[in-house]
Structure formats: structure tokens, C-alpha cells
Amino acid sequence: MSHAPVKPATPKEFQALLLVFINQRLPEIRPPKTLGIQALPDTLLFDSGLVDSMGIVQLILFVEETLGQPIPTRMIVMKHFRTIDAIVEAFWPTHGERQ
Amino acid sequence: MTTLVNNTAAKVRTAQDIQQFERLDAALLDLALSLGAEPLQFPSLVCRSVLEKAEYPKAFPHLLLAAAPAKDPGITGPALIEPANLGSPHWCLSPAVCYHAYAHLAGQRLDSPRVLTARGRCFRHEAFFDPGRRQLEFEMREIILIGPARWVDENALAFKEKLTSLMIHLGLPGGWQAAQDPFFLPAAKGQAIMQQLKETKVEYCTPEPDPLALASVNRHEDFFGRRFEILDSTGRHAHTCCLAAGLDRWCHTLTHPATPNHIPTPDQIIASLAVALPALAPRLSRDQPLRGMGIDSIDTVDLLFMVESLFKVQVVESDLQRANTIADLADCIAKKIQQKGTPQ
């Protein structure tokens with residue numbers, strides 16, 4: 001399976017890639033605590049058990065590789081990772097950096 | 001690896017120091033008792049299996065200190081306590097007080113929430129010694145809450161407010177901010193990120209230009225409840241929270257009110273990073289060129305993450321590109337620390 005990052009052209013494409021990552025790739029790396037849950041754009045990723053302390057490392061790496069830029073440590077806050085929509089809102093370049 | 005730790009694990013206390021130390025702890029103990037805390041006194045040695053259950057060696061292996069007996073006490077001279085003659089350590093030096101509390105309650109179902117308080121000597125393998133501020137041996141008084149999630153969260157907030165009032169009353173002004181433990185990277189990176197995301201740790205720090213963390217509030221959710229099989233009255237794994245006060249730092253802050261801007265030297269910075277990132281340690285010598293030292297992107301991320309965790313400044317890619325050697329990088333970090341404390 002190729003792991004070369006696909007570069008999204010729009011926020012919608014970025015959202016779609018995140019959905020694939022959370023629902024398909026991440027469970028292969030780290031089986032979720034709760035089985036049978038499929039993430040939607042507004043699913044609470046941590047409360048649902050889909051992302052834990054090991055998954056978050058992989059998720060951050062995925063976002064950085066997909067967007068081609070590192071995430072500043074100050075941006076690693078819960079409001080930016082709570083849902084897939086929050087990730088897109090925080091890190092899609094056209095939205096600019098958040099405080 | 002050469003460290004900069006000198007021959008003293010802690011500042012030697014004078015009679016005046018002792019008087020002040022006991023006065024401060026008495027005030028803190030009074031507060032804890034007024035909040036219904038049960039006073040306990042734990043040993044300084046903690047069983048290795050307790051720390052392993054708490055996953056401390058996994059998260060902070062670089063800070064751990066262990067006590068080992070001599071295998072053959074008949075050996076004379078320095079060889080008596082050289083590694084070849086040391087037995088497997090059953091005991092460790094306590095890195096914090098609260099681990100004893102979880103072990104004390106292990107396997108119990110609590111009829112009602114518990115509040116414990118204990119003062120103890122704590123030990124961490126620090127890269128350098130700065131009397132009163134960073135010591136291998138130091139004392140903390142901790143207030144430990146164990147109970148249902150909502151009770152712990154509500155009382156942690158209430159206790160934190162009372163602790164804040166006490167510190168201000170004692171002449172220790174400061175403010176709370178999100179904090180991070182110096183987790184061992186890269187192995188414990190996920191835990192470090194989760195702590196930052198969930199803001200499960202906050203520290204009370206003295207004001208600029210030389211902030212020093214005097215106290216912390218650490219919310220563990222059900223992490224220790226699960227590992228030590230402590231159940232609350234509903235049968236669920238108990239949540240825990242500990243409020244910790246660094247008594248040596250309280251004393252130091254009161255006796256050094258106009259603390260000069262403490263900037264670690266580049267050698268201290270390098271030593272701290274080497275202890276925190278042992279996988280990179282062989283490549284962290286002063287004259288080591290940065291380029292070609294085999295630091296890959298993951299190593300770089302870990303290095304930058306640990307710089308921010310230890311020194312509260314950010315080093316970005318362009319800083320790395322400008323630095324030719326590790327010494328240049330350490331100088332850059334020292335300058336950023338100094339600039340952080342300089343009024344704009």
C-alpha cells in the first residue's frame with residue numbers, strides 16, 4: 001500500500017482524507033478502544049475512543065505530511081483536534097493560523 | 001556522558017531555612033486539614049513494582065533513580081558499588097509522593113471519596129543542579145484526591161483556588177498556566193501530547209522575568225484508578241488528582257524575591273537535552289555539526305518538542321538552519337530564554 005501523502009486541493013478534500021485516515025488507516029495501526037464507531041466530520045474523536053495517546057501521534061504526523069508543514073506546538077490544543085471539522089478549520093492553510 | 005550535576009543533591013538548610021521551611025509546610029498542612037485531608041507519611045523508597053504499575057519508567061525513565069544492594073559485600077574499595085557488583089534494584093527513590101497513595105489504596109472500593117496529604121522527599125535525575133530551583137532531592141507536600149470523576153474535578157478546582165489564595169497570602173505571587181511534564185521522547189510522546197491537549201496539568205509560576213513553577217495540579221482521570229484497581233463507591237475506577245507544592249522552591253522564592261533572570265548555560269542546556277533524549281545523546285556534543293549528524297525529521301521534531309517542554313521557548317526550523325553546531329543551537333536557546341525575560 002502506498003503511503004505517499006495525497007495533497008488535498010480543497011478543505012473538503014482534506015476532510016475526506018482525514019475521514020479515511022481515522023476510519024481506515026488508524027485502526028490498522030492502533031485498534032480503537034470502541035469498535036464499530038465510524039467517525040463523521042463532527043464526531044468527538046477522543047470522547048468516542050477513536051483517538052488515544054498513541055493515535056494522536058499518528059494523527060498529527062498525518063496532518064503534517066498531508067499539508068506539508070509541521071504543526072507548531074502551541075497549536076496542539078484540544079479545540080483544534082476535537083473533531084475532524086476542527087482539524088480542518090485549524091490547519092487548512094487558507095484559514096490562516098489561529099492563536 | 002558527562003553531566004553537570006555537582007556533589008550535592010539538595011541545598012543544605014540552615015537553621016533559618018529550616019524555620020521557614022516548617023512554617024510554610026505548616027500553613028500548607030493546615031489548609032489540607034481544613035479541606036478534610038487525612039495526613040499520612042510515606043517512606044522515601046518506593047517499590048519498583050509500584051512505579052512500574054504507575055508506568056513511571058515508561059514515561060520518565062530518564063528521571064528515575066534506583067537503590068541497589070551490593071551483590072558481594074566482601075568486595076573492598078570503589079568496586080563495592082560499581083555496576084558489576086550491584087544487585088537488581090527492588091526499590092526506587094520516590095519521584096513523587098502520590099504514587100505511595102495509590103499503592104496504599106490499591107485494590108480497595110472506596111465507600112466515599114478520599115483526600116490524603118503527605119509531605120515527602122522526592123528524587124529525580126536532573127541534568128544540572130541549581131540550589132533551591134532544580135535539585136536531585138527536594139520536598140513536596142501533595143494533596144491527593146481520589147473518588148468519582150465529577151467529585152474529583154469539582155474539588156480539584158476548589159482546592160486549587162484555596163491553594164492560590166494561600167500562596168498569595170504567604171508572599172508567593174504568580175499565575176496558573178498549562179504545563180507539560182518532561183516525558184521521555186519519543187517513546188512517551190503520545191502521553192506528552194495528550195497531557196497538552198487535555199490540559200491535565202497546570203502549574204503555578206512566579207511572574208516574569210524568571211518564572212519558577214511553585215505548585216502544580218495534575219488531573220489523572222482514571223489512569224491510576226485503573227492501574228491500581230481503586231474503585232469509587234459506584235464501582236467504577238476512581239479518578240485521581242494531585243495538587244503538589246514544591247516546598248524548596250517556596251523557600252527559595254521568599255528568600256530570593258528579586259530573582260535574577262536565570263538563564264541556563266549552553267552546556268546545561270545540552271546536558272538537559274541529552275538526559276531527556278538519550279537516543280540523541282551521543283550526537284549532542286558541543287562541536288557536533290548539526291547537518292550530517294543523522295538527525296532525521298522525527299528526531300528534529302522530538303528535539304524541538306523537548307526544547308519547548310524543558311525551557312518554555314520555541315525553536316523553529318529557521319533557527320535550526322542558522323545553527324552550524326549543537327553549541328550554536330544551545331546558544332540560540334539561551335538567547336531566546338533571555339529575550340523572553342527581557343521587558344519589551
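The area buried between chain B and chain A is about 1100 Å², and carbon and sulfur atoms give 72% of it. Buried area here is the accessible area (1.4 Å probe) that two parts lose on being put together, summed over both. The model is predicted: local features need pLDDT of at least 70, side-chain atom pairs count only at pLDDT 80 or more, and totals for chains, interfaces and linings use all residues. Residues are numbered from 1 along each chain as its sequence is written, chains are lettered from A and ligands numbered from 1 in the order in which they are written, and side-chain values use heavy atoms, with hydrogens and water left out.

**The interface**

- B:Met194, B:Gln196 and B:Leu197 supply 43% of the area that chain B buries against chain A, more than any other three residues.
- Chain A brings 13 residues to the contact and chain B brings 11 residues, where contact means heavy atoms within 4.5 Å.
- Between the two chains, 1 residue pair is in polar contact, with both residues at pLDDT 80 or more. A polar contact is a pair of N or O atoms within 3.5 Å; within protein, one must be able to donate a hydrogen and the other to accept it, and residues adjacent in sequence count only if both atoms are side-chain atoms.

**Helix 6 of chain B**

- On the side of chain B that touches chain A, the elements giving two or more residues are helix 6 (189-198) and helix 10 (297-311) of chain B. Helices (H or I, at least four residues) and strands (E, at least two) are DSSP runs, numbered from the N terminus.
- Helix 6 of chain B gives the most to that side, with 8 residues.
- Helix 6 of chain B is largely enclosed by the rest of the structure, because 8 of its 10 residues are buried. Buried means under 20% relative accessible area, exposed over 50%, and partly exposed in between (1.4 Å probe, protein chains only).
- Among the buried residues of this helix are B:Ile193, B:Met194, B:Gln196 and B:Leu197.

**Chain A**

- Chain A has 4 helices and 0 strands, in the order α-α-α-α along the sequence.
- Of the 99 residues in chain A, 44% are buried.
- Among contacts in chain A with a separation of 6 or more, 56% join residues 24 or more positions apart.
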